[in-house]
Each structure stands twice: as structure tokens, then as C-alpha cells.
Amino acid sequence: RFLLALSAPLLAAFGTTRLVAADRIHIVRKGDTLSELASTYGVTVRELKRRNGLASDLIKIGQRLRIPGDAVDEEAVARLLRGTRIRRERWNYIVAHHSATKYGNAEIYDNYHRRRGMQNGLAYHFVIGNGVDSGDGEIEIGPRWRQQLHGGHVRKWEVNREGIGICLVGNFEKTRPTPRQIEAFTALTQYLGVTVLNNRYKFMVHKEVDPGHTICPGRYFPVRAMHRRFG
């Protein structure tokens with residue numbers, strides 16, 4: 001149902017694993033319409049058009065259409081995190097971030113953070129892609145989670161030491177997170193908070209940890225909705 005994408009070159013160079021819902025391919029046949037295909041596959045016409053870069057509803061016989069895969073859920077997240085020996089007692093926070101740029105993925109940010117002098121590289125424990133340099137809603141696990149290392153994602157040391165950092169790729173001062181990013185973030189946070197931390201944690205966004213120093217994760221991140229869900 002879900003594609004757990006393990007890229008050998010990426011694993012060798014960076015040590016991350018990824019989870020992204022797998023797309024299907026449909027070859028357009030005579031009589032096919034976007035609305036009928038959307039109904040058949042349980043997606044919206046808007047999603048089909050966006051996934052395939054279509055400006056109109058016109059499709060042609062023989063055209064290859066990408067059908068968006070199923071949303072990431074907690075079961076898929078559980079499989080992704082399997083194999084890591086988690087030190088539950090050390091984690092007391094889950095902190096949400098945006099990258100403040102529409103470009104990038106875990107490996108790109110890891111390289112950037114190392115150039116800035118961060119010995120352990122990628123500051124976050126997880127990165128959720130937006131479809132530009134990684135999949136839309138794709139969850140990447142960074143080495144800090146695999147090795148259960150403290151984060152480097154906020155100024156306050158206590159929260160860095162005890163906080164799980166999740167970064168969604170995008171500048172949410174300008175645009176909203178994609179629906180797939182929100183689905184992936186919700187599934188990941190729900191699994192971490194309930195199954196891993198037994199509801200013994202505090203959910204925060206970056207600007208709540210370091211008030212006055214940042215606007216992260218931006219005005220269009222659904223802070224209130226996430227607090228209603230996660231406390």
C-alpha cells in the first residue's frame with residue numbers, strides 16, 4: 001500500500017530513510033475523463049491536474065497520468081520508524097518548523113548545516129517534503145533520530161536537548177503547507193506523541209520556543225489546529 005523508498009546512494013552518503021506514498025500510472029483510454037478517473041481512484045480532479053501539471057481538463061488517448069498515492073498514516077509511520085532504538089525518556093517536546101524556502105530536502109539541509117559548523121549536520125530529526133526536491137508529503141528521517149541525538153533546531157538548549165524537531169519544506173509566510181504535508185505531519189506527530197511518548201510531551205512551534213527571534217513556522221502553518229489536536 002505504501003512505498004518505503006530506500007535509496008542506496010542516499011543511504012551511503014547521508015544515512016536517511018524515507019517514506020512517501022506511491023503514485024500509480026494510468027494510461028488514458030478512449031472515453032476517459034478526469035472526473036471519472038478521479039472518482040475511480042478516490043482523488044480529486046484538482047489533485048490529478050496538479051500532480052500532472054495540467055492547465056485544463058483535456059486529456060489524450062495514450063497519455064500517462066500519475067495517480068496520487070494513498071496518504072501516509074500512522075501504520076506507515078510505524079513501519080518507517082521500526083528498527084530505531086528509541087530513548088523515550090529523553091524526549092519531552094515535539095517542535096514544528098518550516099524551512100522558509102520552497103527548495104530543499106534532508107540531504108540538502110544536512111550539507112547546509114554542516115557548512116554552518118554543525119558537527120552533527122541536519123538540525124532536525126525529520127523533514128517533510130513539498131514535491132520540489134523530495135516527494136510531496138515524503139517523510140525523511142535524519143541521522144539525529146536514528147542515533148537519538150539532541151537537535152539543533154532552536155536557540156533554547158533545553159528544548160534542543162529534549163525536543164524532536166520536524167521541519168516541513170516551504171515558506172509558510174508566503175504559501176500554505178500542501179495537504180499531503182499536513183497529513184504526513186499529523187500522522188508522524190500523532191505516532192510519536194501517542195505510541196512513542198505515551199502522551200507525555202509538549203507540542204510547540206518554533207516561535208513559541210524562541211519568541212521574538214523567529215516567525216517560524218510562518219503565518220500559514222495551522223498552529224491553532226495543531227494545538228487543538230496535540231495540546
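Me: Which residues touch the most other members of the largest nonpolar core?

Reply: In soluble globular proteins, nonpolar side chains tend to be buried together. In this predicted model, the largest nonpolar core has 34 residues, and F126, I166, F185 and L192 touch the most other members.

Me: And which helices and strands each supply at least two residues of this core?

Reply: On the helix side, look at α4 (74–81), α8 (179–196) and α10 (223–230). The strands are β4 (93–98), β5 (126–130), β6 (136–141), β7 (163–168) and β8 (202–205). Seven of the core residues come from α8, and that is the largest share.

Me: Let's zoom in on L192. What is L192 in contact with, leaving aside its neighbours within four places in sequence?

Reply: You'll find L81, I94, F126, W145, I164, I166 and L197 in contact with L192.

Me: What does the second core include?

Reply: That one is separate and has ten residues, among them L48, L54, I59 and I67.

Me: Now the cysteines. How many disulfides does the count come to?

Reply: The idea is to check whether two cysteine sulfur atoms lie within 2.5 Å of each other. Here the count comes to zero disulfides. Take C167: its closest cysteine sulfur is in C216, 6.9 Å away, so that's too far for a bond. Seen from the other end, C216 is in no disulfide either, with the sulfur of C167 as its nearest cysteine sulfur.

Me: Are C167 and C216 buried or exposed?

Reply: Buried means under 20% relative accessible area. C167 counts as buried because its relative accessibility is 0%. C216 is at 6%, so C216 counts as buried too.

How values were computed: Residues numbered from 1 in each chain as written. Predicted model: local features only at pLDDT ≥ 70, side-chain atom pairs only at ≥ 80, totals over all residues. Heavy atoms only, no water. Buried < 20%, exposed > 50% of the residue type's maximum accessible area, 1.4 Å probe, protein only. Core = buried A, V, L, I, M, F, W, Y, C linked by side-chain atoms within 4.5 Å. Helix = DSSP H or I, 4+ residues; strand = E, 2+ residues; numbered from the N terminus. Contact = heavy atoms within 4.5 Å.
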